[in-house]
Amino acid sequence: AKLTLGLQGATTLTGFGERLLDGLVPELGGGVATFYAFDEGEQRLEKVASYGLVDEGPVSFRLGEGMIGECARQVKPVTIHNLPEGYA
């Protein structure tokens, strides 16, 4: 309920993404997360917000490009375990 109430106050997609990740990631016990929106016209995923990451690297991906694009292409999440230190 607290997360839902916080999301209602978001006035931009970036604000929504930041509020979502700030509230959800700690509750799920996650360390890092990124929120992407799909741009229909460009057929690309565009980074909107992140949690626990330095904003470096690509900010958009085509469907099937990298793990992020592959998750979007398959329309399902992928969980990766036991990554080496500093991988993200």
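What you have open is a predicted model, in which local features need pLDDT of at least 70 and side-chain atom pairs count only at pLDDT 80 or more, while totals for chains, interfaces and linings use all residues. Residues are numbered from 1 along each chain as its sequence is written, and side-chain values use heavy atoms, with hydrogens and water left out.

S60 lies in strand β3, residues 60–62; helices (H or I, at least four residues) and strands (E, at least two) are DSSP runs, numbered from the N terminus. With a relative accessible area of 16%, S60 is buried, where buried means under 20% relative accessible area, exposed over 50%, and partly exposed in between, using a 1.4 Å probe and protein chains only. If you leave aside neighbours within four places in sequence, S60 is in contact with R44, L45 and E46, contact meaning heavy atoms within 4.5 Å.

**R44.** Now select R44, which lies in strand β2, residues 44–51. Not counting residues up to four places away in sequence, R44 touches A37, F38, D39, S60, F61, R62 and E65. R44 is buried yet has no salt bridge, and the nearest side chain of opposite charge, E65, is 4.1 Å away. For charge, Lys and Arg count as positive and Asp and Glu as negative, with His and the chain ends not counted; a salt bridge is a side-chain nitrogen of Lys or Arg within 4 Å of a carboxyl oxygen of Asp or Glu.

**The salt bridges.** How many salt bridges does a search of the whole structure find? The search finds two. To see one of them, select E65 and R62, whose side chains meet at 3.9 Å, N to O; E65 is partly exposed at a relative accessible area of 28%, and R62 is partly exposed at 48%. Then select E70 and R73, whose side chains meet in a salt bridge at 2.3 Å, N to O. E70 and R73 both lie in helix α3, three residues apart, about one turn of the helix, and E70 is partly exposed, with a relative accessible area of 21%.

**A buried glycine.** Is G17 buried or exposed? G17 is buried, because its relative accessible area is 0%. Apart from neighbours within four places in sequence, G17 is in contact with F35 and A49. Select S50 as well: G17 and S50 are 33 residues apart in sequence and 7.8 Å apart in space, C-alpha to C-alpha.

**Y87.** Finally, select Y87, in the segment after α3 (66–74), which counts as exposed at 56% relative accessibility.

**The whole chain.** The C-alpha trace spans about 35 × 35 × 25 Å along its principal axes, and buried residues make up 20% of the 88 residues in the chain.
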